[in-house]
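Please read each numbered point with the structure in view.

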Amino acid sequence: MTGIAWETGVLLGLEESGRLPTFDAVIGTSAGSAVGAQLTSGTPLAELYGRQVAEEHGEITPELDLEPLIAFFTEMGDISGGVPPEQLVRVGTFAKQARTVPLADRRAVIEWRLPSHEWPSSPLLITTVDADTGELVLLDASSGVPLVDAVMASCAVPGVWPPVPLLGRLLIDGGVRSGTNLDLAADHDEVLLLAPLTQGPMKAIVEREAAARPGVTVVLADQSAEEAFGVNALDPSRRPFAAEAGRRQGLAALA
């Protein structure tokens with residue numbers, strides 16, 4: 001949740017400073033899938049930002065034990081060349097066995113989160129992972145699945161939110177494959193990467209993936225933003241602080 005708020009703030013700050021780049025495609029992973037769907041909906045960034053700093057919201061505060069997931073990302077930090085499918089299958093098994101909120105409750109959150117429930121006319125690619133096989137599953141307007149369900153799947157943090165049944169598969173968070181999924185932008189000369197959750201091993205992963213290819217401009221959450229996120233990135237009460245920190249970074253970034 002803090003990642004969504006921070007990314008929205010960064011984009012607004014870039015827009016307010018006159019440095020928001022034009023883009024011909026958006027690739028969304030986890031929090032980025034929600035922001036991508038919001039950004040391409042045509043809703044003004046100022047309005048999207050206002051939703052993040054408002055006290056009223058439709059989010060759920062989860063009960064979570066992140067230790068297994070932290071251990072997984074720590075292992076990822078030592079892996080070069082991508083996460084092996086068998087390791088993703090292990091995460092998928094963990095996700096399927098976890099006790100989470102009902103799928104209908106989670107879907108109501110995503111419905112509230114998205115200003116439009118229709119796929120945009122501009123290219124939007126959403127990343128998910130098959131919990132049973134570890135395969136990357138890409139969703140877009142041609143996939144034949146509702147936008148709400150696509151975002152819900154990409155945001156299905158293992159052990160926190162339920163896997164999402166789509167296309168005859170059980171799909172989980174696209175971030176378990178990669179925090180950036182930058183390889184999907186290989187045919188673009190210039191890429192702007194917003195990476196909010198870069199504490200601990202995640203920072204090394206993001207920096208390694210960004211350094212592997214030219215033309216990537218990276219905006220990482222700075223120390224002020226990390227403090228704004230607090231100890232639980234899924235705590236909706238931290239959204240306003242994360243959004244404000246992102247806005248400050250957006251105003252200063254790409255100068």
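1. Asp130 is buried in this predicted model, because its relative accessibility of 4% falls under the 20% limit for that class. Its salt-bridge partner is Arg169, and the closest N and O atoms of the two are 2.7 Å apart. Asp130 belongs to strand E2 and Arg169 to strand E5, so the bridge ties together parts that stand 39 residues apart in sequence. Arg169, at 29% relative accessibility, counts as partly exposed.

2. In total, the structure holds eight salt bridges.

3. Which parts of the chain does the pair of Glu16 and Arg247 link? Glu16 forms a salt bridge with Arg247, with 2.6 Å between the closest N and O atoms. The pair links distant parts of the chain, as Glu16 lies in helix H1 (residues 2-16) and Arg247 in helix H10 (residues 239-252), 231 residues apart. Glu16 is partly exposed, with a relative accessible area of 40%. Arg247 is also partly exposed, with a relative accessible area of 29%.

4. The side chains of Lys96 and Asp132 likewise meet in a salt bridge, at 2.4 Å from N to O. Lys96 is in helix H5, whereas Asp132 is in the loop between strand E2 (124-130) and strand E3 (136-139), so this pair ties together parts that are 36 residues apart in sequence. Lys96 counts as partly exposed at 36% relative accessibility. Asp132 is partly exposed as well, its relative accessible area being 40%.

5. Attention may now turn to strand E6 and its neighbour. Is E6 largely enclosed or largely open? Four of the five residues of E6 are buried, so the strand is largely enclosed by the rest of the structure. E6 pairs with strand E7 (residues 216-220) in the parallel sense, over five bridges. Within this pairing, Leu192 has Thr217 of E7 as its bridge partner. When inspecting strands, the student may recall that side chains in a regular strand alternate between the two faces of the sheet.

6. Asp187 lies in the loop between strand E5 (169-173) and strand E6 (191-195). With a relative accessibility of 65%, Asp187 counts as exposed, because the class begins over 50%. Asp187 gathers with Asp24, Asp189 and Glu190 in a patch of negative charge on the surface.

7. Pro102 is found in the loop between helix H5 (85-97) and helix H6 (103-113), and its relative accessible area of 49% makes it partly exposed. Ala233 is in the loop between helix H9 (223-229) and H10, and counts as partly exposed at 22% relative accessibility. Its C-alpha atom is separated by 9.8 Å from that of Ile4, although the two residues are 229 residues apart along the chain.

Key:
Residues numbered from 1 in each chain as written. Predicted model: local features only at pLDDT ≥ 70, side-chain atom pairs only at ≥ 80, totals over all residues. Heavy atoms only, no water. Patch = residues over 30% accessible without salt bridge, like charges linked within 9 Å, V, L, I, M, F, W, Y side chains within 5 Å. Areas by Shrake-Rupley, 256 points an atom, 1.4 Å probe, with all protein chains shown as cover. Salt bridge = Lys/Arg side-chain N within 4 Å of Asp/Glu carboxyl O. Lys, Arg positive; Asp, Glu negative; His and termini not counted. Charge placed at Lys NZ, Arg CZ, Asp CG, Glu CD. Helix = DSSP H or I, 4+ residues; strand = E, 2+ residues; numbered from the N terminus. Buried < 20%, exposed > 50% of the residue type's maximum accessible area, 1.4 Å probe, protein only. Pairing = 2+ DSSP bridges.
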